[in-house]
Amino acid sequence: MLRAWMLSVICIPLAASAQYPSFELGGLARGVSDVGFLTAEDTLARDVNVESHAIYDLALRGKITSKAEIYTELRLGTNLALFDTSASYAQVRRVLLSGQLTPRWNYEIGDIDVVGSPFTIWNSNAEGAVRESALFSQWRKLQNYENFSESNSWRLRGAKFEGNWLMKNGGQLKTSNFVSRVQASDEVLRPDVVFMGSTLSWEKNNVLAALSGQNFASLGKTVPDGVGRHVANLGGEVKWKGEEWLWHAEFGGSTATTLGLDGLPNAPNSPTEGGYWNVETQFDFGASWTASASARSVSDTYMAPAAQTKRLLFDAAPSSFAQIGNGAWNRPLSQGDLLTAPYVPRGSRPWNRAIQRELMTFDPRYGTANPYGMATPNRRGLEMELEHGKAEEPWSVIARLFALQDLTPEGTLTRRNYVGYAIAGHFDLAALWMGNRSLNMHGGMQSQRAQRPETVLDPVDLTSSVFDFGVDWAVGENLQIGYGAKRISSQGLEYIAVRDINFEVTGFDRTTLDVTDMLHACGVIWKINNRTELTTQWQKWFLRDALQGHDGSISKVLFLFQSKF
Amino acid sequence: MSFLQSNPPRIGTWTLGLVFMCFVGCAKEGSLGPDLESLYGDLEFTESFSHNMPNGVHFEQGDAVRFSCGFNLPVAYTLSLTGQTSGATYAFQGQGNRELDVLWFGGCDNVFFRKNEWVHCLLEFPDHPDDFKLDSVFVWEQPDLSNRGLLLASFEETNPIFSISSGEFTESLDVVTEALDAVEGGAYMRGVGAGAGSWFGALRLPLDPQDLLGSSLGNTYLNVHLRSDYEGSASVIKLFEDSNGDGLVTSGEDEVFTTKLAVNADNTWQRISIPWSDFELDLSGNNVSVNGQIDFDQISRLDCTVSQTGTASGTYGLDVDYVILTFDQPF
């Protein structure tokens, strides 16, 4: 049956158009093999780890009527481990019904993508990359694709309605509304959780003003004796864009049901409230230079579940070689683990998809200035950015500088200061000579430091840095050799605030770090045609925790075949 | 809207404005969370580290040692006890809410503390490595820890239930009494054999299935103290069933389960604790499989065999002391 269906899929034309209905077929085929090796010194743990899978994602877009369009992504997969059908599976990756209800109203029902601002709804990028090598970034793209995190939007299940009106004075009024069921009730203890939001914006000429609100609500009536809980946000923004200048201001607040240790609302309940503001300006100058500066303040009890939920689960264990050093080191997640986390249907992996109210665990090796993005509670400060060029140009550079501070001191009467920078760019050496064999160098460095002087305590002084470097050399028309290096390091001491479900600081974890992860990759990318490529690469990870006296290394041989159609 | 079409302010004005804006916010008075100095400040002792047995502890009389100390921080601590002649150790770890108050009933992590032994007591704080306290306590007698499980043999018994059995490769197999080097009490069993065999004698311990009611493979532990001075020595532990219920253990009719424990040849006592789930069906020789599973209601006997890790010809031997079954956790 499956074979017949596959044959029919292959044999039908990739696009068949008619007025209605019309269908388009697209998709992705991918084969992956990941073979890991421990060093010879490690004799207790498993020395070889093999993961593999092949998937076929078939995307079907069908325009049924002028009011309804369906989009589905059907996945067929196998783990390539057994020569029978028990290791194969089929699942639906995405279902979306959309269309135009009226000339002014559009709708989407199913797996919708929702995004707001970095303070309201934002799926922040994963830590540990600054313009990384193509050998690493192709695996990061793969993971982002697998975990529905290809942009800063959250993939939710629900409905979205958008309206658009042209006003007589030339202005435009838009509204976007969504509702999503984030958690289903088990009708005993776990209540239904819904997340809903609405935005109303007015735009005329070069001015935009908008108001938005969201509510992350736990519906108490969906469990016996349950009580409702809410985290409600209300915000506004104003934007003005001139020929060279852009000015943007955003502000808002949250009010949340204060919960007790048992997770139930306190009675009588005084809500937990917080707020933020952000002002930024951007201007273009010279040929293609852009500079921007911003200032912001976020209070310690500002809650925005969809902006503060992290993309990664840093308390997860590595999927392969979780213990190295002859079983003596329960090592934490490294960037290599995040990039090569195996895909297992309904299996656990260190990538998160669920929005939650509580602040998630973060890894201090990536710094403590912005663990929850721009919506990190209890921060204020300045950021500046300077950018030149795009990826398709011979060279580009982007530099960022920030200086932040605790809005309210934590645990002492002195604020922590955070300073950091990031610089990244690329340069095509082939621009220096005639010919079409590109030799592209790219990389970046970011570093941040948290400091607080102390008289009695050990002072806070934590430095974290990420370094990326890559070279891609087109040795033939379709053949590219690449090398990538990535270094993550962190040294120093920090007192990390322990926050409860109401974001109240209840304690501190004293953390001392002296860790360095160094990853090397070299490989060959064969572009079989415009849509198909095969990559073989070898990676070597050197992991070290100097304070605990642990180190170890892991080798990986990775094969990736991808074809988009 | 004419103001929106005018030229924007200069960059310096913007920067000044942004810097000014930085100090506009909802900062709170005081600080967030508990005072860090009360958690991670300098450790000061408000009460000295001491115990309540300055004249030594008589475990035989049911005494216990109470260690106490007071300090100004809620810190993590480790109290390590080390026997100066036995080398036995025991440790308490915890999070002291500005005080330490623990009772020691004579427990030990590896081998027993000996009688008439000084025990050094070291109180350390992982987050304050420079702050530690030392004390010592004298142990007059060893504690009776048999209430932790089902004691099968300590070799101190006046009416022992165990027996010892020797064979053609056995050179000596005896209970050594009035021994100062016993891991517990003053007696232990010593067995030595020579040759290319793998059975140089055994300690036989009868078991009553009634004593094992309610236990399971995963939560039943055999704990045995072993010592050897012979390279390659091992103890094969055999668990015999009376599978056919005839009241006898008969080779070829009843099931046997086995596990082998290698013993370091360093002449030092070591405690080995194994769950019964480690036992495997023994089909060597004339042994048979009835249902392949350990049936607790048919357990009849447990043997600690003097053996070797391989089959080479040589001299092998080991000492056995304090064999006890525990339930839910190792001894």
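**Pocket and cores**

Author: In this predicted model, the lining of the second largest pocket comprises 16 nonpolar, 10 polar and 13 charged residues.

Reader: What makes a residue part of the lining of the second largest pocket, and which are the closest to its centre?

Author: A lining residue must have an atom within 4 Å of a point of the pocket. By that criterion 39 residues line the second largest pocket, and the closest to its centre are A:Arg181, A:Val182, A:Arg353, A:Ala354 and A:Ile355. Strands S5 (88-102), S7 (154-166), S8 (172-183), S10 (207-219) and S11 (229-241) of chain A each give two or more residues to this lining. The volume of the pocket is about 1000 Å³.

Reader: Why is a set of residues called a nonpolar core?

Author: Its members are buried residues of the listed nonpolar types, joined through side-chain atoms within 4.5 Å. The largest such core has 38 residues, and B:Phe67, B:Leu79, B:Leu81, B:Leu100 and B:Trp104 have the most contacts inside it. S3(B) gives the most to this core, with nine residues. At least three residues come from each of domain 1 (36-141) and domain 2 (146-327) of chain B.

Reader: How do you know which residues B:Phe67 is in contact with?

Author: Contact requires heavy atoms within 4.5 Å. Leaving aside neighbours within four places in sequence, the residues in contact with B:Phe67 include B:Leu79, B:Leu81, B:Leu100 and B:Trp104.

Note on methods
Residues are numbered from 1 along each chain as its sequence is written. Chains are lettered from A and ligands numbered from 1 in the order in which they are written. This is a predicted model: local features need pLDDT of at least 70, side-chain atom pairs count only at pLDDT 80 or more; totals for chains, interfaces and linings use all residues. Side-chain values use heavy atoms; hydrogens and water are left out. Buried means under 20% relative accessible area, exposed over 50%, partly exposed in between (1.4 Å probe, protein chains only). Helices (H or I, at least four residues) and strands (E, at least two) are DSSP runs, numbered from the N terminus. Domain bounds come from an automatic or database domain assignment. On a 1 Å grid over the protein atoms alone, a cavity is a set of points where a 1.4 Å probe fits but cannot get out, and a pocket is an open set with protein on both sides within 12 Å along at least five of seven lines; lining residues have an atom within 4 Å of a point. Grid points are joined across faces, edges and corners, and a volume is the space filled by probe spheres set on the points. Ala, Val, Leu, Ile, Met, Phe, Trp, Tyr, Cys and Pro count as nonpolar, Asp, Glu, Lys and Arg as charged, and the others, Gly among them, as polar.
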